[in-house]
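These are my notebook entries on a single chain. I set down what I looked up, in the order in which I looked.

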Amino acid sequence: MAETMKIVAITGDHEASVIEAAKPEPGKGQIRMRVEGCALCTFEQRMFTGVVPVPLPFIGGHEVAGYIDAIGEGLKPENYPIGKRIAARTFYSCGHCYGCRHDEGNLCVNGSEQDKSWMAYPGIGGLEQYMLIKPDMLFFMNDDLPLEKACFAEPLACVLNSIEKGRIEIGDDVVVIGGGIMGQLHVMCSKLQGARVIMSEPDEARRQLAAELGADVCINPLECDAVEKVKELTGGNGAAVVFNTTAVSAVAQQAIGMVAASRQAHRGLPELAAQLRGRHHRRRLAVRPQLPPLLRRPLQGHHRPRQARLRRLRYR
Ligand SMILES: [Zn+2]
Ligand SMILES: [Zn+2]
């Protein structure tokens with residue numbers, strides 16, 4: 001009998017199950033990755049709760065890290081050593097559409113071209129013990145970087161993309177709205193860019209975490225007029241950059257009100273995010289291969305501020 005593996009699939013509304021499936025064999029030019037860490041994000045949560053309808057069973061998991069387990073024909077073992085730690089980009093880039101040819105592979109329109117024939121059910125595949133990927137989807141990780149941290153490569157890459165677009169300058173005032181995972185990563189990266197960071201978040205525990213991760217000022221938008229508070233903290237100017245990491249339309253309005261007259265930047269298009277729901281992920285999901293050197297360090301594990309240790313945050 002062929003070897004099997006376990007997968008976790010969404011099997012109903014608020015229901016997930018462990019299912020046995022055939023362990024995939026890497027075909028020509030494919031790499032089999034043994035998944036050791038897979039983080040869950042709002043994307044999976046929306047499918048699990050039925051907000052985004054998907055064909056069932058559905059295999060989520062797009063923030064993945066693990067080891068090279070086997071390689072297919074045509075790949076040199078010295079280039080892809082068995083046991084090497086990797087993180088993977090799970091979203092497909094065809095390489096020839098408009099987005100792909102303009103260094104925006106995350107905007108690829110040919111996702112349906114991706115070979116998923118090795119998967120037992122539709123989905124992304126990170127919540128499987130083994131997944132098949134192509135060489136251009138993997139990123140080598142340092143051997144001493146724990147894989148439960150390495151699977152943050154994908155959300156961190158999304159944040160780096162927005163940090164790059166924000167063009168923060170040293171000493172800039174930056175507001176981060178929302179203290180979830182993406183908000184906290186924006187705090188850490190904005191600090192690395194030399195900003196003074198203001199976190200706006202109603203939950204006390206999240207505000208506290210943001211402060212530990214480097215936020216200079218934390219405000220509770222339920223207890224004050226957040227726009228007025230930001231104006232007050234910035235000498236009436238407003239912030240140079242505002243990252244809205246929530247998908248709440250009213251908050252998008254607030255974000256615009258906080259921005260200084262001469263500058264503005266947002267993560268994605270917040271006012272559209274609420275309407276786009278899960279789809280806005282699709283628009284911002286490239287793991288960009290060229291990370292700025294300063295920001296590359298924490299990802300590779302050379303730079304380990306005490307604050308970067310792993311925390312478990314409960315879904316609510
Ligand atoms: Zn994600
Ligand atoms: Zn493409």
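**Entry 1: helices α7 and α8.** I began with the handedness of the crossing between α7 and α8, which is right-handed. I note that the model is predicted. For the geometry, I took α7 as residues 226–233 and α8 as residues 249–258; their axes come within 9 Å and cross at roughly 20°. Angles under 35 degrees count as roughly parallel, and α7 and α8 are therefore described as roughly parallel to each other. I then listed the residues that meet: Ala226, Val227 and Val230 on the α7 side, and Gln254, Gly257 and Met258 on the α8 side. Sorted by class, this contact holds 4 nonpolar and 2 polar residues, with no charged residues.

**Entry 2: helices α4 and α5.** I turned to a second helix pair. I recorded that two packed helices are described by the angle between their axes and the distance between the axes. Helix α4 covers residues 153–166 and helix α5 residues 181–192; the axes come within 10 Å and cross at roughly 55°. That angle makes α4 oblique to α5. The crossing of α4 and α5 is right-handed. From α4, I found Pro155, Leu156, Val159, Leu160 and Ile163 in the contact. From α5, the contact takes in Ile181, Met182, Leu185, His186, Cys189 and Ser190.

**Entry 3: the open sheet.** In which order do the 4 strands of the open sheet stand? I read the order as β10-β9-β8-β11, with parallel pairing. The edges are β10 (217–219) and β11 (241–244); each has a single partner strand, so one side of each is left without a neighbour in the sheet. Direction ignored, neighbouring strands of this sheet are turned by 20° against each other on average. I also looked at one pairing within the sheet: strand β8 (residues 173–177) and strand β9 (residues 196–200) run parallel and are joined by 5 bridges. Val174 has Val197 in β9 as its bridge partner.

**Entry 4: backbone exceptions.** Between Leu56 and Pro57 I found a cis peptide bond, with omega about -10°. Pro57 belongs to the loop between α1 (42–48) and β4 (63–71).

His14 is not a glycine, yet its phi is positive, at about 60°. I located His14 in the loop between β1 (4–12) and β2 (15–22). Is His14 buried or exposed? His14 counts as exposed, because it has 8 C-beta neighbours inside 10 Å.

Asp103, a residue other than glycine, has a positive phi near 60°. The loop between α2 (98–101) and β6 (130–133) holds Asp103. I counted 12 C-beta neighbours inside 10 Å for Asp103, so this residue counts as exposed; the cut-off for that class is 12 or fewer.

**Entry 5: the chain as a whole.** Last, I looked up the totals. The secondary structure of the chain comprises 11 helices and 11 strands. The chain has 316 residues, of which 42% count as buried. Among contacts in the chain with a separation of 6 or more, I noted that 65% join residues 24 or more positions apart.

Key: Residues numbered from 1 in each chain as written. Chains lettered and ligands numbered in written order. Predicted model: local features only at pLDDT ≥ 70, side-chain atom pairs only at ≥ 80, totals over all residues. Axes fitted to C-alpha atoms, helices over the stretch in contact; angles between N-to-C directions. Helix = DSSP H or I, 4+ residues; strand = E, 2+ residues; numbered from the N terminus. Parallel < 35°, antiparallel > 145°, perpendicular 65-115°, else oblique. Left-handed = near helix turned anticlockwise from the far one by under 90°. Contact = placed C-beta atoms within 7 Å. Nonpolar A, V, L, I, M, F, W, Y, C, P; charged D, E, K, R; others polar. Buried ≥ 20, exposed ≤ 12 C-beta atoms within 10 Å, placed from the backbone. Pairing = 2+ DSSP bridges.
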